[in-house]
Amino acid sequence: MPSSDALASHDAAWRTQFAGLGRRLRLALGDGALRIDHIGATAVNGLPARPVIDVQLSVQALVPEAAYREPLTGLGFVMEAGDPDRMQRFFRETNTPSRFHLHVRAAGTLGEQAALLLRDYLRTDRAARVKIAKRKQQLEAEEIYTATKDALLWETLADAYQWAQQTGWTPGVSDA
């Protein structure tokens, strides 16, 4: 797998890798996992991405953490201390380099819904995919991608919100 620091062309193997982890997560967490979704750029065909697969695990509540932390630790994940996003718990694999980033969010929260909306919008709207791909590559070439990607995501989320209003979008079934 290429370095996780650089954008890579979309790789169809990312879907298969997600599916394998999704099965392991479902077995380990059972009904504690309300949803398990492949999110981020690796979940969208045609988008360049850093080759680290983002997975969103939707749970009933973030506390108590033991309900999901212990099973995730058993699968080789460690919770990142000091994550500034108080509306999620972020886990990385203990092996290096990490192939997966795991975002644990409470079901129905803004963070959970925004990740699903962005993914579905980009999967559906080819023009948006092309626009984002070009912008990501331009920002990467200028070596400012990491510093500016949040602004790009918020801009895209605004477009996705308009799309959701026009289409009546609701999150579909979980990916795993």
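Guide: Phe91 counts as buried because its relative accessibility is 0%, where buried means under 20% relative accessible area, exposed over 50% and partly exposed in between, for a 1.4 Å probe and protein chains only. The model is predicted, so local features need pLDDT of at least 70 and side-chain atom pairs pLDDT 80 or more, while totals for chains, interfaces and linings use all residues. Residues are numbered from 1 along each chain as its sequence is written, and side-chain values use heavy atoms, leaving out hydrogens and water.

Searching the whole structure gives 2 aromatic pairs, that is, Phe, Tyr or Trp rings (the six-membered one for Trp) with centres within 6.5 Å, called stacked under 30 degrees between planes, edge-to-face over 60 and tilted otherwise. Tyr68 and Phe91 form an edge-to-face pair, because their planes stand at 80 degrees, with ring centres 6.2 Å apart. This pair links distant parts of the chain, 23 residues apart, with Tyr68 in helix α2 (residues 66-74) and Phe91 in strand β4 (residues 88-93); helices (H or I, at least four residues) and strands (E, at least two) are DSSP runs numbered from the N terminus. Tyr68, at 2% relative accessibility, is therefore buried as well.

The rings of Tyr121 and Trp163 have centres 5.6 Å apart and planes at 50 degrees, so this pair is tilted. Here too distant parts of the chain are linked, Tyr121 in helix α3 with Trp163 in helix α5, 42 residues apart, and both Tyr121 and Trp163 are buried. Where α3 meets α5 (heavy atoms within 4.5 Å), the residues include Tyr121, Leu117 and Leu118 from α3 and Trp163, Ala160 and Leu157 from α5.
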